[in-house]
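This report goes through one protein model, from its overall layout to a helix pair, its salt bridges and one backbone detail. The sequence and the structure come first.

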Amino acid sequence: MMNFITYFALLVSSFSWLSSDTSIKNTNAPQPAFGCKSYYDTTLGLTVYTGVETVPEYPGGAPAWGRYINRNFNTNDIDATMDCNLRIKLVIDSAGMIRRTVPMRGETEVKEPNALEKEALRIYRKSGKWKPGTCNGNNVTTEFVQALNPCDR
């Protein structure tokens with residue numbers, strides 16, 4: 001019967017080839033914090049990132065965005081029974097400019113927006129320059145969806 005020390009020595013020597021194999025990934029090596037996903041948008045002629053380290057944001061963050069919405073969103077022509085929970089897909093380029101705004105219903109892009117969605121698009125389009133998203137520390141064109149409920153002002 002093999003004693004424990006002999007068994008352990010055989011076990012370790014049988015795996016010694018692993019340490020010399022350069023194709024084995026060193027798990028202690030620094031790994032990227034986030035894998036940035038992208039696609040090429042032919043209409044914009046740009047690589048657009050859908051997974052980024054930091055998502056674009058309005059200058060001044062959420063508090064400034066809330067103030068901007070409160071000052072600029074016009075609900076006068078909005079039907080009181082309309083669902084005010086909006087989702088807007090944005091594409092913001094690496095310079096912080098909005099390149100595309102599209103209302104979403106579920107996972108579907110809206111082709112013919114209602115009055116509330118049109119007002120949301122107007123507000124986004126006039127909002128000016130945003131802080132762009134980043135990938136690997138670089139500003140990138142980013143697509144993301146932002147929720148908005150302008151009726152809870």
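## Overall layout

Among contacts in the protein between residues at least 6 apart in sequence, 64% join residues at least 24 apart. The model is a predicted one. The protein has four helices and eight strands, and along the sequence these follow the pattern α-α-β-β-α-β-β-β-α-β-β-β. Of its 153 residues, 33% count as buried.

## The α3 and α4 pair

Helix α3 spans residues 61–72 and helix α4 spans residues 115–125. The two helices pack at an angle of about 125 degrees, and their axes are 11 Å apart. Angles from 65 to 115 degrees count as roughly perpendicular and those over 145 as roughly antiparallel; α3 and α4 are therefore oblique to each other. Their crossing is right-handed.

On the α3 side, the contact is made by Trp 65, Tyr 68, Ile 69 and Asn 72. On the α4 side, Glu 119, Arg 122, Ile 123 and Tyr 124 take part. Sorted by class, the contact of α3 with α4 has five nonpolar residues, one polar residue and two charged residues.

## Salt bridges

How many salt bridges does a search of the whole structure find? The search finds five.

| Pair | N to O distance |
|---|---|
| Lys 89 and Glu 109 | 2.8 Å |
| Arg 105 and Glu 117 | 2.7 Å |
| Arg 122 and Glu 119 | 2.6 Å |

Buried residues have under 20% relative accessible area, so Lys 89 is buried at 13%. Glu 109, at 33% relative accessibility, counts as partly exposed.

Arg 105 forms a salt bridge with Glu 117. Arg 105 belongs to strand β4 (residues 98–105) and Glu 117 to helix α4, so this pair ties together parts that are twelve residues apart in sequence. Is Glu 117 buried or exposed? With a relative accessible area of 3%, Glu 117 is buried.

Arg 122 has 34% relative accessibility and counts as partly exposed, while Glu 119 is buried, with a relative accessible area of 11%. Arg 122 and Glu 119 also belong to the contact of α4 with α3.

## A backbone detail at Asn 136

Most residues other than glycine have a negative phi. Asn 136 is not a glycine, yet its phi is positive, at about 55 degrees. Where is Asn 136 placed? Asn 136 sits in the loop between β6 (133–135) and β7 (138–140). Exposed residues have over 50% relative accessible area, so Asn 136, at 54% relative accessibility, counts as exposed.

How values were computed
Residues are numbered from 1 along each chain as its sequence is written. This is a predicted model: local features need pLDDT of at least 70, side-chain atom pairs count only at pLDDT 80 or more; totals for chains, interfaces and linings use all residues. Side-chain values use heavy atoms; hydrogens and water are left out. Axes are lines fitted to C-alpha atoms, for helices over the stretch in contact, and angles run from 0 to 180 degrees between N-to-C directions. Angles under 35 degrees count as roughly parallel, over 145 as roughly antiparallel, 65 to 115 as roughly perpendicular and the rest as oblique. A crossing is left-handed if the near helix is turned anticlockwise from the far one by less than a right angle, and right-handed if clockwise. Contact means heavy atoms within 4.5 Å. Ala, Val, Leu, Ile, Met, Phe, Trp, Tyr, Cys and Pro count as nonpolar, Asp, Glu, Lys and Arg as charged, and the others, Gly among them, as polar. A salt bridge is a side-chain nitrogen of Lys or Arg within 4 Å of a carboxyl oxygen of Asp or Glu. Buried means under 20% relative accessible area, exposed over 50%, partly exposed in between (1.4 Å probe, protein chains only).
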